[in-house]
Amino acid sequence: MTNSVGGFEKLAPEAAVDDGLIHCYIIKDLHFFNTLTVSLSVLLGNLKNHKDVEYFTASEVTISSSDTVRTNVDGEEGPALPIKLSVLPRHIRVVVPDSL
């Protein structure tokens, strides 16, 4: 994961593309007022310190729900839950050419 998601540059400031971890946030309660305070925490870059957010890192995560829930992958409909996410260290080789 990078330190930005969907244009939010401070979502996970401690994340690095090569840290081998998925940075996970579980928001415990999304009633109206709490949604406002969580949104403010996202903008300020301290979401993991919000009282109603659980933060953890892992190299592999399985997400499931008793309800039927479809995922969203880069703005497109993805597979339904359950889904298993994992980090594939050094899976993509990136070649950066010398400047011209």
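Mentor: The side chains of His23 and Tyr55 are joined by a polar contact of 2.7 Å. A polar contact is a pair of N or O atoms within 3.5 Å; within protein, one must be able to donate a hydrogen and the other to accept it, and residues adjacent in sequence count only if both atoms are side-chain atoms. This is a predicted model: local features need pLDDT of at least 70, side-chain atom pairs count only at pLDDT 80 or more, and totals for chains, interfaces and linings use all residues. Residues are numbered from 1 along each chain as its sequence is written, and side-chain values use heavy atoms, without hydrogens and water.

Stay with His23. It sits in strand 1. Its side chain also makes a polar contact with that of Asp19, at 2.7 Å. His23 counts as buried because its relative accessibility is 8%. The cut-offs are under 20% relative accessible area for buried, over 50% for exposed, and partly exposed in between (1.4 Å probe, protein chains only).

Now take Tyr55. At a relative accessible area of 24%, Tyr55 is partly exposed. Tyr55 also pairs with Tyr25, in a tilted arrangement: 5.0 Å centre to centre, 45° between the planes. Rings of Phe, Tyr and Trp (its six-membered ring) pair if their centres lie within 6.5 Å; planes under 30 degrees apart count as stacked, over 60 as edge-to-face and the rest as tilted. The structure holds 1 aromatic pair. This pair links distant parts of the chain, 30 residues apart: Tyr25 is in strand 1 (residues 22-27) and Tyr55 in strand 2 (residues 53-58). Helices (H or I, at least four residues) and strands (E, at least two) are DSSP runs, numbered from the N terminus. Tyr25 is partly exposed too, with a relative accessible area of 21%.

Contact means heavy atoms within 4.5 Å. Leu47 belongs to the largest nonpolar core, whose 5 residues are Leu11, Val38, Val42, Leu47 and Val53. Such a core is a set of buried Ala, Val, Leu, Ile, Met, Phe, Trp, Tyr and Cys residues joined through side-chain atoms within 4.5 Å.

Next, Asp52. It lies in the loop between helix 1 (32-44) and strand 2. Its relative accessibility is 15%, so Asp52 counts as buried. The side chain of Asp52 has a polar contact of 2.9 Å with that of Lys51. Leaving aside neighbours within four places in sequence, Asp52 touches Ile26, Ile27, Lys28, Asp29 and Asn34.

Now set this part in the whole chain. There are 1 helix and 6 strands. From the N terminus on, they run β-α-β-β-β-β-β. Of the 100 residues, 21% count as buried. Among contacts between residues at least 6 apart in sequence, 46% join residues at least 24 apart.
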